[in-house]
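Here are some exercises to work through with the model open beside you. Try each task before reading its solution.

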Amino acid sequence: MNRVTCFIHNNIKRNIYYDDNYFKVTTDNLALANFVKIKRKDKILVEFGSGLMAVPLLLSTRTDIKMVGIEKDSKACLLSNMSLKANKLEEKIRVINDDIKNIDKYFAINSIDIIVCNPPYFLLDNEATTSDKEYLKMARHEGDMTINDVAHLAKIYLRDGGSLFLIQRADRLFEIRDILVKNNLAIKEIQFIYHDLDARGKLVLIEARKSGKEHGLKVLKPIILEEGDVNG
């Protein structure tokens with residue numbers, strides 16, 4: 001059943017549509033949106049696997065940059081368009097119902113300033129965490145969209161100096177670093193997310209820059225979640 005919830009971010013009201021049995025807004029979305037840095041010269045941001053467009057909706061409260069979401073799931077795109085219309089953001093943000101591997105139909109090489117992605121956390125062969133619901137499997141498990149795909153497309157479509165922002169499991173950090181380096185993406189900032197200081201860091205936010213230098217890494221103050229759980 002389609003539902004709508006209202007939230008206040010940066011003192012601006014936003015409505016977002018979701019489905020009780022479908023994608024929902026999580027603390028991942030909020031953490032990733034808050035982590036994204038937008039420079040004055042940046043003109044376009046693209047989110048890979050945009051789900052309900054929660055990240056662009058959150059970012060729209062602090063930037064006028066043009067934003068595009070690419071989402072394969074048609075139901076998620078329907079809900080996203082309902083949210084964009086409800087918030088009168090159709091001219092500022094749009095969603096494309098397609099696979100990110102077809103990005104060449106919409107963008108030129110070296111044309112994107114920022115790419116944002118909350119990619120699937122688990123390898124598809126991790127049977128212990130595999131969901132039996134197809135749309136949840138797509139969101140949580142690497143299948144049609146892997147971290148290799150995201151890094152490879154970022155290398156091609158980001159302009160030099162453009163940034164890729166990710167949230168991923170902390171235990172995959174070294175693996176992800178190797179993949180990013182192979183695709184000419186240097187990690188510039190990371191920020192770990194904890195449920196509390198007595199628990200191990202479960203997630204990590206990553207900013208990687210195309211053609212960036214592999215030094216000067218900044219490790220930001222960790223995020224400590226006071227309540228709730230992080231999806232994945």
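Two strands count as paired if DSSP finds at least two bridges between them. Keep in mind that this is a predicted model.

**Exercise 1. Find the strands that pair with β3, and say in which sense they run.**

Solution. Start with β4: β3 pairs with β4 in the parallel sense, over five bridges. Within this pairing, Leu45 stands opposite Met67 in β4. Next, follow the chain between the two strands: it leaves β3, passes through helix α2 (residues 54-59) and reaches β4 in a right-handed β-α-β crossover. Now turn to β6, which is joined to β3 by four bridges and also runs parallel to it. Here Phe48 has Cys117 of β6 as its bridge partner.

**Exercise 2. Work out which way the side chains of β3 point, and whether they are buried or exposed.**

Solution. Recall that in a regular strand the side chains alternate between the two faces of the sheet. In β3, Ile44, Val46 and Phe48 point one way, while Leu45 and Glu47 point the other way. Then check burial, for which the cut-off is under 20% relative accessible area. Five of the five residues of β3 are buried, so this strand is largely enclosed by the rest of the structure.

**Exercise 3. Describe the largest nonpolar core and the elements that build it.**

Solution. First, its size: the largest nonpolar core has 33 residues, and Phe48, Phe107, Leu164, Leu180 and Ile206 have the most contacts inside it. Second, its sources: the elements that each supply at least two residues include β3 (44-48), β9 (158-169), α6 (173-182) and β11 (203-210). Helix α5 gives the most, with six residues. Third, take one member: beyond its neighbours within four places in sequence, Leu180 is in contact with Ala151, Leu164, Leu185, Ile187, Ile206 and Ala208. Apart from this core lies another, of 32 residues, among them Val36, Cys77, Leu89 and Val95.

**Exercise 4. Locate the aromatic pair and classify its geometry.**

Solution. The count comes to one aromatic pair. The ring centres of Phe35 and Phe165 are 5.8 Å apart and their planes lie at 85°, so the pair is edge-to-face. It links distant parts of the chain, with Phe35 in helix α1 (residues 27-35) and Phe165 in strand β9, 130 residues apart. Both Phe35 and Phe165 are buried.

Key: Residues numbered from 1 in each chain as written. Predicted model: local features only at pLDDT ≥ 70, side-chain atom pairs only at ≥ 80, totals over all residues. Heavy atoms only, no water. Core = buried A, V, L, I, M, F, W, Y, C linked by side-chain atoms within 4.5 Å. Buried < 20%, exposed > 50% of the residue type's maximum accessible area, 1.4 Å probe, protein only. Contact = heavy atoms within 4.5 Å. Right-handed = clockwise from strand over helix to strand, strands pointing away. Phe/Tyr/Trp six-rings, centres within 6.5 Å; stacked < 30°, edge-to-face > 60°.
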